[in-house]
Amino acid sequence: MKKSKAKSAAVFGIMIALAFTLSYLESLLPLNIGIPGVKLGLANLVVVIALYRLKTHEALFIALIRILLAGLTFGNTYSLIYSLCGGLLSFAAMALAKKTKLSIIGTSILGGTLHNVGQLAAAAVLMGTARIAYYLPVLLVAGLLTGFLNGILAKIITDRIKRTDD
C-alpha cells in the first residue's frame, strides 16, 4: 500500500512540475496576435491527460496547483484571477464532457474555448464593462485551435501510455 501512495505522489509531482514548466515555456513564447491573453495552453495539455488518466479530483488538484504556482510566479493578481476563472470553467466543462464520452480531442477543444470565455467573463467583471466582449470571436477561435492541437497531443500521449501499461 505504501508503494501505491509513493507512486501516486510521484505522479502528482511530475505532472505538476511538467505543467508548471510548460507554463514557464509558454510565458517565454512571444505570441502576439493583438489580443491580450491568447496563449497556446500548453499546461492544459497536462490537465487533459490527468483528467483521462487519473481520478477527476486528482486532475482538478493538479490544475489548481499549476494555476496558483504559475500565477504567483509569472503573473500578477489579475492574471491569477483570470487564470482561476478560466481554468475552473474549463475544467468543469471538460470533466462533464468526459462523462458524456466525448473524445479527448473534443474535450480539449471545449476546455480551450471555455477557458477563454471564463477569462473574458472575469475581465468584464473586474473592468466593470461588457464592452470587451468584442474579443470573444477571436478568443473562441484561438481556444478552438489550441484545444484541437492540445487534444491531438493528449490523444497521442494517452494512447502511448496505454500501450506501455499493457
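1. Helix 2 is mostly covered, since nine of its twelve residues are buried, where buried stands for under 20% relative accessible area, exposed for over 50% and partly exposed for what lies in between, with a 1.4 Å probe and protein chains only. Among the buried residues of helix 2 are Leu45, Val46, Val47 and Ile49. Helices here are DSSP runs of H or I with at least four residues, numbered from the N terminus.

2. This is a predicted model, in which local features need pLDDT of at least 70 and side-chain atom pairs count only at pLDDT 80 or more, while totals for chains, interfaces and linings use all residues. Residues are numbered from 1 along each chain as its sequence is written, and side-chain values use heavy atoms, with hydrogens and water left out.

3. The length of helix 2 (residues 42-53) agrees with expectation, because its twelve residues should span 16 Å at 1.5 Å a residue and its end C-alpha atoms are 17 Å apart; the expected span is 1.5 Å times one less than the number of residues.

4. Thr21, which lies in helix 1 (residues 2-28), counts as partly exposed because its relative accessibility is 39%. The C-alpha atom of Thr21 is separated by 30 Å from that of Val125, 104 residues apart along the chain.

5. Lys101 lies in the loop between helix 4 (77-99) and helix 5 (104-127), and its phi is near 70 degrees, a positive value in a residue other than glycine. Most residues other than glycine have a negative phi. Lys101 is exposed, because its relative accessible area is 72%.

Notes
Helix = DSSP H or I, 4+ residues; strand = E, 2+ residues; numbered from the N terminus.
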